[in-house]
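Colleague: Could you walk me through the salt bridges in this model, and then the core?

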Amino acid sequence: MRKFLLLTATLGLTSLATQAQVDSVRASTLPPAQQAEKLYNSGVVKFNQKSYRAALQDFDRALALRPDFAKAFYNRATTRYELKDYQPAVQDYDEALKLEPTSGTAYFGRAQAREALKQAAEAEQDYTKAVEANAAYAPAWYYRGALRFEKADYAAAKADFDQAIKADPNYAYAWHDRGSAQRQLNNYSAAIQDYTKALSLQPELLPALLNRAGTKRRAGDLKGALQDYGDYLQKKQDNPTAYTNRGATRYESGDYKGAAEDFGRAVALDATYAFAWNNRAASYLKLEDYKKAEADASKAIALNPQYAEAYLNRGHAREMLRNTEGACQDWRKAAELGLEVGTNYAANSGCGESN
């Protein structure tokens, strides 16, 4: 999703060989400002060829000749960002902004570097400066919205995504993330519409398909959710969470066999996925396969000894397997971990006091 800023040369290079030869002979005798410009242009070319270390050297030399060269500071900062030298990049953006205090692109670039340094508050301030400098720059709205989403300020995030979409109606990620903000605000219908728009703009944006499925499930459209999960899993079969979510939707639809199959695919991809093991145990309980239910719940507990729901499910399986003592122990443990319904099951089944 990250937008990388492109660099452009400011001086055109001549195509006449004779003039090029003259330039190369006279280069050392050019005034410092013109030498700096030539080095700057060379750095731009090397940057666009992704020769970042070589570009950095040219920008260094240009700035040594002309310390007030704002564009060179800006482009050296962008080059350092590509090299993941984030703190030096911030310092170069600082210098660029001293020379050009209203540069929205410099504020945006510094915000990106500060994000990479986990300085979220400072990055948000810079995105604000960027949109104040240029309200038509959609990425600045988008990235500020993403930061606000991450701190759970969903209404403010939605407002920023609104502005990003206004500035660029074809910004698929902004449509997608506004859908996620709408979802957090319980505006399910609007969220589904936003995810659908994102997919119309970028059909291979699979997170939008997965999130639309989850939103449809929350809205009670289980059939629509299953369709979206199916479409997603046709394209991407290595996501255990997607199988688990489809399994949960199948469970809610009463398709316990299909649910068990999906949870099985999830644990085949990630054997440490305690949630999927427990969910398959719940499916086996519905299918009255109590031995498998007990085994899966035990696996979930082995992976997470504090998993109250897994103790509850194993208690049910053990009850049906006539292991009353084991069932009582599991239900009490579920209650101890905060699942009060475990106490009810223990009482209703005549469990005595724990030892």
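Modeller: A salt bridge here is a side-chain nitrogen of Lys or Arg within 4 Å of a carboxyl oxygen of Asp or Glu. This is a predicted model, in which local features need pLDDT of at least 70 and side-chain atom pairs count only at pLDDT 80 or more, while totals for chains, interfaces and linings use all residues. Residues are numbered from 1 along each chain as its sequence is written, and side-chain values use heavy atoms, with hydrogens and water left out.

Colleague: Is Asp262 buried or exposed?

Modeller: Asp262 is buried at 0% relative accessible area, whereas Arg265 is partly exposed at 36%; buried means under 20%, exposed over 50% and partly exposed in between, with a 1.4 Å probe and protein chains only.

Colleague: Which residues are in the network with Asp160?

Modeller: Salt bridges link Asp160 with Glu124, Arg144, Arg148 and Lys151. The Asp160 to Arg144 bridge, at 2.8 Å from N to O, joins helix H9 to helix H8, so it ties together parts 16 residues apart in sequence.

Colleague: Now the core: how many residues does the largest nonpolar one have?

Modeller: It has 85 residues, and Tyr171 is among those with the most contacts inside it; a nonpolar core is a set of buried Ala, Val, Leu, Ile, Met, Phe, Trp, Tyr and Cys residues joined through side-chain atoms within 4.5 Å.

Conventions:
Helix = DSSP H or I, 4+ residues; strand = E, 2+ residues; numbered from the N terminus.
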